[in-house]
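Hi,

Here's the structure I promised to pass on.

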Amino acid sequence: MTSAVPQTDRRRWFALAIVMTAAFMDLVDVTIVNVAIPSIKQDTGASFSAIQWITAGYALAFAAGLITGGRLGDIHGRKKIFLLGIGGFTLASALCGLAANPEMLIASRILQGATASLMVPQVLAIVHATFPAHERGKVFGMFGAIVGLGAVSGPMLGALLTEWNLFGLEWRPIFLINLPVGVAALLLGSRFITESRAPKALRLDLVGVVLVALGLLMLLYPLTRDHMEHDWQLWEFATMAAGLLVFAVLAAYEKYKTRKDGSPLIELSLFRVKSFAAGIAVQLTFGVVCGIFFLVWTLYMQIGLGWSALHAGATGIPFSLAVSAAAGMSVQKLVPRFGRKVLQAGALTMATGVLVYIWEAGHYGSSIVSWQMALPLVVMGAGMGLIVAPLTDAVLSEVPKEHAGSASGLINTTQQMGNALGLGLVSVVFFGVIDQDRLRPAEVGTAFTEAFQHSLWWVAGVLVAIFFVMTALPKKPRQHLEGGADKEPADAAVKEPAPLGA
């Protein structure tokens, strides 16, 4: 009997390592393509429109399928859907790497995003279903560290693989590198992850699936179009407005579906959980911050300052390290003592780093070097780390376990929507202050520096707004309340399957 506990513990942590690796693969794949675009364009002869779809196709398919992917895990089993997703993701990565033309690459990227939407929601759901409340803080700290590492590792890894030109394959290794990792995760996951699903028999809400996909595509497609060379069109605004109407119809239908058979795609009851509703609002606004910052930061360094992709990627290392360190510290040491004040401190810390960056960009101008950026990047990374890990913990802390997949899908979808909104705002806050038609080559550095500063003022403003939205979060997540270390939501306490390896 005594030897069974360590074995169970080992299996749980092996399973955690597997699902975290899958999450890292997705985070890297979102950003790794950007730095390889020149190589892809030159090698395949892709048009600028095709290049757009190579990047946007993944994001659209991913966002449109996340809620459905989470619900499928609740219904059919999170392990089963996770393995299906990672298998499909690995196959799609191979097709991307072997693409013979731009059309095949676009189709493969859409397939890659769709399979990632099956894989990613199961990560948080498996963690939520596997680890008791008092252990989740440590686990979400690791998840936050993975988020920080993935945010910067994608461009860095993409730059290295492209510049090395392994076996003369040019850009293709950025996709082919997923193959050995995916196969290993598939084999190990089938052994170490134990199945869990919602205890109540559910059915997939196909009408909800169609409405979610349609609403998200209508809202996000105009935001993913190129607005750097073309002005916004009336039909784009009309499409986004119609997308909001589709979401209103979805909400009404989901209420009806709940009354009819209790198997809606989206559990609207989750929004009555104060911590979940407030956390979703924070996720959305924080996604806007990330969507704006990471794109304008890349444009500023690679076009404005003329740095190579490798130079720009290496510059982000202090940021990544700061996120990882702060994420681990926040959930293990700070949140149990100070609760939501840690997240609020993170928002203010990140805003402080943004203000320092604004000053440095103006003070040093186009002659700024990487080490001078280290201070604001470390401060910003520390602030981000104080937010990302505790936020996930806070959002899911009071969610019934049988709805963990649906909640996880909503969290990821909301983050993707925020990112898309941020990317859409870049055309306003960054390129809106650059007169590209009259810009001479000698003026590029100054113009991009000024646009970067202008964009960061928007980022700082949104972070201040996030600070106030965070006041709606619970003072402390349920598992950190005194005497509540082992408490679970009442309706999930006896229904969830045993932990992994039990």
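One thing to start with: this is a predicted model.

In total, the count comes to five salt bridges. One of them joins Asp43 to Arg172, with 3.6 Å between the closest N and O atoms. This pair ties together distant parts of the chain, 129 residues apart: Asp43 sits in helix H2 (residues 37-44), Arg172 in the loop between H6 and H7. Arg172 counts as buried because its relative accessible area is 16%, under the 20% cut-off. Asp43, at 36%, is partly exposed.

Lys257 and Asp261 also form a salt bridge (2.9 Å, N to O). They're four residues apart in helix H10 (residues 234-261), which is about one turn of the helix. Lys257 is buried at 10% relative accessibility, while Asp261 is partly exposed at 22%.

Now for the nonpolar side. The largest nonpolar core has 109 residues, and Phe82, Phe276, Tyr357 and Phe430 have the most contacts inside it. Helix H11 (residues 274-304) gives the largest share of this core, 15 residues. Apart from it lies another core of 17 residues, including Val28 and Ile106.

On the surface, Trp164, Leu166, Phe167 and Leu169 make up a nonpolar patch, with about 470 Å² of accessible area together. Leu166 is in the loop between helix H6 (133-164) and helix H7 (173-176).

Cheers

Terms used. Residues are numbered from 1 along each chain as its sequence is written. This is a predicted model: local features need pLDDT of at least 70, side-chain atom pairs count only at pLDDT 80 or more; totals for chains, interfaces and linings use all residues. Side-chain values use heavy atoms; hydrogens and water are left out. Patches are made of residues with over 30% relative accessible area and no salt bridge: like charges are joined within 9 Å, nonpolar side chains (Val, Leu, Ile, Met, Phe, Trp, Tyr) within 5 Å. Accessible areas come from the Shrake-Rupley method with a 1.4 Å probe; for residues, only the protein chains shown count as cover. A salt bridge is a side-chain nitrogen of Lys or Arg within 4 Å of a carboxyl oxygen of Asp or Glu. Helices (H or I, at least four residues) and strands (E, at least two) are DSSP runs, numbered from the N terminus. A nonpolar core is a set of buried Ala, Val, Leu, Ile, Met, Phe, Trp, Tyr and Cys residues joined through side-chain atoms within 4.5 Å. Buried means under 20% relative accessible area, exposed over 50%, partly exposed in between (1.4 Å probe, protein chains only).
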